[in-house]
Amino acid sequence: MIGLIGDGSFQYSVQAICTAAQHNLAIVYVVMRNQEYSILKSFAVLEEAAGVPGLDLPGLDIASVARGFGCIAVDVETTEELEREFKSALTAGTTTVIVVATQPQKATL
């Protein structure tokens, strides 16, 4: 099984990752890390609510959190690393979290 989440949404997904690790489930989570909660930033613009706090997420160490739950966890920077780690995760037989560094992009609603 494969799950794809963003770093902003990760804070709402940690319980799923923890449960998967506790049950030793073979799930690969790919987390896109752009260091912000961009969809909520766009929603704030739509609602004309400038300056909403907590939407910048610098330094969020997703891989360390996942390892703390007992998952295999890696940070990747390139597509080659992503491909290698993803293939490895498919045969790991346990919960794996792959954190992919991305550049922030303005999300539009």
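Modeller: What follows starts with the whole chain and then turns to N24 and its partner T94.

This is a predicted model, in which local features need pLDDT of at least 70 and side-chain atom pairs count only at pLDDT 80 or more, while totals for chains, interfaces and linings use all residues. Residues are numbered from 1 along each chain as its sequence is written, and side-chain values use heavy atoms, with hydrogens and water left out.

The protein chain has five helices and four strands, in the order β-α-α-β-α-α-β-α-β from the N terminus on. Helices (H or I, at least four residues) and strands (E, at least two) are DSSP runs, numbered from the N terminus. Of the 109 residues, 37% count as buried. Buried means under 20% relative accessible area, exposed over 50%, and partly exposed in between (1.4 Å probe, protein chains only). Among contacts between residues at least 6 apart in sequence, 73% join residues at least 24 apart; a contact means heavy atoms within 4.5 Å.

N24 sits in the loop that links α2 (14-22) to β2 (28-33). Its phi is near 50°, a positive value in a residue other than glycine. Most residues other than glycine have a negative phi. N24 is partly exposed, at a relative accessible area of 47%.

The side chain of N24 is joined to that of T94 by a polar contact of 2.6 Å. A polar contact is a pair of N or O atoms within 3.5 Å; within protein, one must be able to donate a hydrogen and the other to accept it, and residues adjacent in sequence count only if both atoms are side-chain atoms.

T94 belongs to another loop, the one between α5 (79-90) and β4 (96-101). T94 is buried, because its relative accessible area is 16%. Leaving aside neighbours within four places in sequence, T94 is in contact with N24, L25, A26, I27 and I72.

E48 lies in the loop between α3 (38-46) and α4 (62-68). E48 is exposed, with a relative accessible area of 74%.
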